[in-house]
Amino acid sequence: MYVNDRGGGFAADATVGPPQADTRAVAVGDLNGDGKPDIVASHLGLETRIYWNDGTGKFSRYTTLAQDKSGCFALLVADFNKDGKQDVVCGAVGTSTLFLNHGLGKFSRRPFGDGRGTTYGLAAADLDGDGYLDLVAARSGAPSTVYFNLSQP
């Protein structure tokens, strides 16, 4: 991680994660509602972790989000069920996963997809105008796909 020097450059660097990590994907969002952006990182051969921001630019404390050692190839942070908590999407080989955020570092898994291809890119937008974010997945080995959010108010 390179720290913005507020002058148009990056002055110092800070490490996040294991020293020998093969990090596949990273996303940022306030996952515990404290107003500070946290980091989600998928480390190939290890796990996907949430690194909690302590407010001083350090992310030494972490929570394991997923122990799947094949990891996420794409990550996205957004509020998919409009509960005010940022959720995490993991794009992976085959089936991907939505991790619904229940607060205090607690998440529930919601697998989705047809099990084909590998998701390498994710984007969220309300594509059908119903007020809920939908998900677009860029995949290799299978057609890129739009997943419409069927949440009900």
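This section describes the fold, surface and aromatic pairs of a predicted protein model.

Local features of the predicted model require pLDDT of at least 70 and side-chain atom pairs pLDDT 80 or more, whereas totals for chains, interfaces and linings use all residues. Residues are numbered from 1 along each chain as its sequence is written, and side-chain values use heavy atoms, with hydrogens and water left out.

The protein chain contains 0 helices and 13 strands, where helices (H or I, at least four residues) and strands (E, at least two) are DSSP runs numbered from the N terminus. Its pattern along the sequence is accordingly written β-β-β-β-β-β-β-β-β-β-β-β-β. The C-alpha trace spans about 40 × 35 × 30 Å along its principal axes.

Of the 153 residues, 38% are buried; buried denotes under 20% relative accessible area, exposed over 50%, and partly exposed the range in between (1.4 Å probe, protein chains only). With contact defined as heavy atoms within 4.5 Å, 28% of the contacts between residues at least 6 apart in sequence join residues at least 24 apart. The accessible surface amounts to about 8400 Å², and carbon and sulfur atoms contribute 53% of this area; areas come from the Shrake-Rupley method with a 1.4 Å probe. The chain carries 14 positive and 17 negative charges, whose mean positions lie 6 Å apart. Lys and Arg count as positive and Asp and Glu as negative, without His or the chain ends, and each charge is placed at NZ of Lys, CZ of Arg, CG of Asp or CD of Glu.

Tyr 51 belongs to strand S5 (residues 48-52) and Tyr 62 to strand S6 (residues 61-66), 11 residues apart. Tyr 51 is buried at 2% relative accessible area, whereas Tyr 62 is partly exposed at 39%.

Another pair comprises Phe 112 and Tyr 147; the ring centres are 4.9 Å apart and the planes stand at 75°, so the geometry is edge-to-face. This pair links strand S10 (residues 106-112), which holds Phe 112, with strand S13 (residues 145-147), which holds Tyr 147, across 35 residues. Phe 112 is buried, with 17% relative accessible area.

How values were computed
Rings of Phe, Tyr and Trp (its six-membered ring) pair if their centres lie within 6.5 Å; planes under 30 degrees apart count as stacked, over 60 as edge-to-face and the rest as tilted.
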